[in-house]
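Dear colleague,

Please find below the structure that I am handing over to you.

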Amino acid sequence: MSFEVYAQRFVGGEPAEAENGVLAELLAPHLMRVQPEFDFAELHFDDGTADLYGVAEPGSGFMVNHVSGQLAWELFARIASAGDMVLMAPGVPTMLFREEVRQHLPEDLAQDAVVLSSGADILRTFSNA
(Lines give C-alpha, C1' and ligand atoms only; values in the text may rest on other atoms or scores of the structure.)
Protein backbone atom coordinates (compact mmCIF):
# COMPACT_ATOMS: atom_id res chain seq x y z
CA MET A 1 0.00 0.00 0.00
CA SER A 2 1.46 3.30 -0.99
CA PHE A 3 -0.75 5.75 0.90
CA GLU A 4 0.52 7.39 4.08
CA VAL A 5 -0.38 6.11 7.53
CA TYR A 6 0.46 8.24 10.55
CA ALA A 7 1.06 7.04 14.11
CA GLN A 8 0.60 9.50 16.96
CA ARG A 9 -0.04 9.45 20.70
CA PHE A 10 -2.50 11.95 22.17
CA VAL A 11 -3.04 13.16 25.73
CA GLY A 12 -5.88 15.54 26.54
CA GLY A 13 -6.66 15.95 22.84
CA GLU A 14 -3.13 17.14 22.01
CA PRO A 15 -0.22 15.31 20.34
CA ALA A 16 2.09 13.79 22.95
CA GLU A 17 5.28 11.75 23.17
CA ALA A 18 5.31 7.98 23.51
CA GLU A 19 8.27 6.10 25.00
CA ASN A 20 10.97 6.20 22.29
CA GLY A 21 13.04 3.38 23.80
CA VAL A 22 10.25 0.81 23.70
CA LEU A 23 9.27 1.73 20.15
CA ALA A 24 12.90 1.71 18.95
CA GLU A 25 13.33 -1.79 20.39
CA LEU A 26 10.33 -3.02 18.43
CA LEU A 27 11.63 -1.43 15.23
CA ALA A 28 15.29 -2.51 15.59
CA PRO A 29 15.03 -6.06 14.21
CA HIS A 30 13.40 -4.74 11.04
CA LEU A 31 15.76 -1.88 10.17
CA MET A 32 17.27 -2.61 6.78
CA ARG A 33 18.51 0.79 5.67
CA VAL A 34 18.57 3.97 7.75
CA GLN A 35 19.16 7.46 6.38
CA PRO A 36 19.49 9.71 9.45
CA GLU A 37 19.73 12.87 7.35
CA PHE A 38 16.15 12.21 6.16
CA ASP A 39 14.90 10.63 9.44
CA PHE A 40 14.07 7.65 7.23
CA ALA A 41 14.33 3.88 7.52
CA GLU A 42 13.44 1.05 5.21
CA LEU A 43 12.01 -1.81 7.21
CA HIS A 44 12.31 -5.44 6.16
CA PHE A 45 9.93 -8.32 6.93
CA ASP A 46 9.77 -11.93 5.74
CA ASP A 47 6.84 -10.99 3.50
CA GLY A 48 7.69 -7.43 2.44
CA THR A 49 9.03 -3.99 3.28
CA ALA A 50 7.87 -0.59 4.51
CA ASP A 51 9.22 2.96 4.48
CA LEU A 52 9.18 4.76 7.83
CA TYR A 53 9.74 8.48 8.39
CA GLY A 54 10.42 9.55 11.97
CA VAL A 55 12.81 6.74 12.87
CA ALA A 56 15.03 8.89 15.12
CA GLU A 57 12.25 9.53 17.65
CA PRO A 58 9.29 7.30 16.78
CA GLY A 59 7.57 8.29 20.02
CA SER A 60 7.07 11.78 18.56
CA GLY A 61 4.94 10.22 15.87
CA PHE A 62 5.90 8.69 12.56
CA MET A 63 4.60 8.02 9.09
CA VAL A 64 4.76 4.83 7.02
CA ASN A 65 4.10 4.21 3.35
CA HIS A 66 4.94 1.73 0.60
CA VAL A 67 3.97 -1.08 2.97
CA SER A 68 3.91 -4.57 1.47
CA GLY A 69 2.91 -7.80 3.17
CA GLN A 70 1.04 -8.33 6.43
CA LEU A 71 3.92 -8.61 8.92
CA ALA A 72 4.62 -4.86 8.77
CA TRP A 73 1.03 -4.20 9.86
CA GLU A 74 1.46 -6.64 12.75
CA LEU A 75 4.48 -4.63 13.87
CA PHE A 76 2.64 -1.32 13.56
CA ALA A 77 -0.23 -2.73 15.64
CA ARG A 78 2.26 -3.79 18.36
CA ILE A 79 3.99 -0.40 18.27
CA ALA A 80 0.71 1.52 18.46
CA SER A 81 -0.44 -0.62 21.37
CA ALA A 82 2.87 -0.30 23.24
CA GLY A 83 2.94 3.48 22.76
CA ASP A 84 -0.77 4.16 23.33
CA MET A 85 -0.71 5.54 19.79
CA VAL A 86 -3.36 5.62 17.09
CA LEU A 87 -2.99 5.03 13.37
CA MET A 88 -4.53 7.52 10.97
CA ALA A 89 -4.91 7.29 7.20
CA PRO A 90 -6.97 9.24 4.67
CA GLY A 91 -10.56 8.01 4.39
CA VAL A 92 -10.17 5.47 7.20
CA PRO A 93 -11.49 5.67 10.78
CA THR A 94 -8.86 6.39 13.41
CA MET A 95 -7.45 3.06 14.57
CA LEU A 96 -6.74 2.51 18.25
CA PHE A 97 -5.51 -0.59 19.99
CA ARG A 98 -6.85 0.01 23.50
CA GLU A 99 -10.25 1.55 24.24
CA GLU A 100 -8.70 3.69 27.01
CA VAL A 101 -6.85 5.70 24.35
CA ARG A 102 -10.13 7.09 22.95
CA GLN A 103 -10.57 9.50 25.89
CA HIS A 104 -7.31 11.26 24.95
CA LEU A 105 -8.15 11.83 21.28
CA PRO A 106 -9.42 15.08 19.82
CA GLU A 107 -13.22 14.81 19.52
CA ASP A 108 -13.21 14.60 15.72
CA LEU A 109 -10.83 11.62 15.81
CA ALA A 110 -12.51 9.84 18.73
CA GLN A 111 -16.03 9.86 17.34
CA ASP A 112 -15.61 7.20 14.64
CA ALA A 113 -12.45 5.51 15.97
CA VAL A 114 -12.32 1.73 15.88
CA VAL A 115 -10.55 -0.58 18.31
CA LEU A 116 -8.33 -3.16 16.62
CA SER A 117 -5.96 -5.83 17.86
CA SER A 118 -3.84 -6.96 14.91
CA GLY A 119 -2.33 -6.19 11.55
CA ALA A 120 -5.09 -8.25 9.94
CA ASP A 121 -7.61 -5.90 11.59
CA ILE A 122 -5.75 -2.92 10.09
CA LEU A 123 -5.93 -4.43 6.60
CA ARG A 124 -9.66 -5.18 7.03
CA THR A 125 -10.24 -1.57 8.11
CA PHE A 126 -8.48 -0.33 4.95
CA SER A 127 -10.52 -2.64 2.72
CA ASN A 128 -13.81 -1.60 4.38
CA ALA A 129 -13.19 2.13 3.92
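**Salt bridges**

Arginine 98 is partly exposed, with a relative accessibility of 34%. Please bear in mind throughout that this is a predicted model. The side chain of arginine 98 meets that of glutamate 100 in a salt bridge, with an N to O distance of 3.2 Å. Glutamate 100 is likewise classed as partly exposed, at 46% relative accessibility. The pair belongs to a network of salt bridges that links Asp84, Arg98 and Glu100.

Over the whole structure, the search returns 5 salt bridges. One of them joins glutamate 42 to arginine 33, and their closest N and O atoms are 3.0 Å apart. Here glutamate 42 is buried, at a relative accessible area of 15%, while arginine 33 counts as partly exposed at 37%.

A further salt bridge is formed by arginine 124 and aspartate 121, where the closest N and O atoms are 2.4 Å apart. Both residues belong to helix α4, and their spacing of 3 residues separates them by about one helical turn. Aspartate 121 counts as buried, at 16% relative accessibility; arginine 124, at 45%, counts as partly exposed.

**Helix α4**

The helix that holds this last pair spans residues 119–128, and its buried residues are Gly119, Asp121, Ile122, Thr125 and Phe126. These residues lie on the same side of α4, because the arc they cover around the axis is only 155°. Ser127 and Asn128, on the other side of α4, are exposed.

What do the buried residues of α4 pack against? Their partners are the strands β1 (5–11), β7 (85–88), β8 (95–96) and β9 (114–115), together with helix α2 (71–82). At the start of α4, a side-chain oxygen of serine 118 comes to within 3.3 Å of the backbone nitrogen of alanine 120.

Valine 55 sits in the loop that runs between β5 (48–53) and β6 (62–65). With a relative accessibility of 15%, valine 55 counts as buried, the cut-off for that class being under 20%. Apart from neighbours within four places in sequence, the residues in contact with valine 55 are Leu31, Val34, Asp39, Phe40 and Ala41. For one of these, aspartate 39, the C-alpha atom is 5.6 Å from that of valine 55, although the two residues are 16 residues apart along the chain.

Threonine 94 is located in the loop between β7 and β8. Its relative accessible area is 8%, and threonine 94 is therefore buried. Once neighbours within four places in sequence are set aside, threonine 94 is in contact with Val86, Leu87, Met88, Leu105, Leu109, Ala113 and Val114. With leucine 109 there is also a polar approach: a polar atom of the threonine 94 side chain lies 3.5 Å from the backbone oxygen of leucine 109.

**The chain as a whole**

The secondary structure consists of 4 helices and 9 strands. Read from the N terminus, the order of the elements is β-β-α-β-β-β-β-α-β-β-α-β-α. The radius of gyration is 14 Å, close to the 14 Å given by the globule rule for 129 residues, so the chain is as compact as a globular protein of that length. Along the principal axes, the C-alpha atoms fill a box of roughly 35 × 30 × 20 Å.

How much of the chain is buried? Of the 129 residues, 47% are buried. The chain exposes about 6,400 Å², and 51% of that area is supplied by carbon and sulfur atoms. Among contacts with a separation of 6 or more, 50% are between residues 24 or more positions apart.

With kind regards

How values were computed. Residues are numbered from 1 along each chain as its sequence is written. This is a predicted model: local features need pLDDT of at least 70, side-chain atom pairs count only at pLDDT 80 or more; totals for chains, interfaces and linings use all residues. Side-chain values use heavy atoms; hydrogens and water are left out. Buried means under 20% relative accessible area, exposed over 50%, partly exposed in between (1.4 Å probe, protein chains only). Helices (H or I, at least four residues) and strands (E, at least two) are DSSP runs, numbered from the N terminus. The arc is that of the directions from the helix axis to the C-beta atoms. Contact means heavy atoms within 4.5 Å. A polar contact is a pair of N or O atoms within 3.5 Å; within protein, one must be able to donate a hydrogen and the other to accept it, and residues adjacent in sequence count only if both atoms are side-chain atoms. The radius of gyration is taken over C-alpha atoms; the globule rule is 2.2 Å times the number of residues to the power 0.38. Accessible areas come from the Shrake-Rupley method with a 1.4 Å probe; for residues, only the protein chains shown count as cover. A salt bridge is a side-chain nitrogen of Lys or Arg within 4 Å of a carboxyl oxygen of Asp or Glu.
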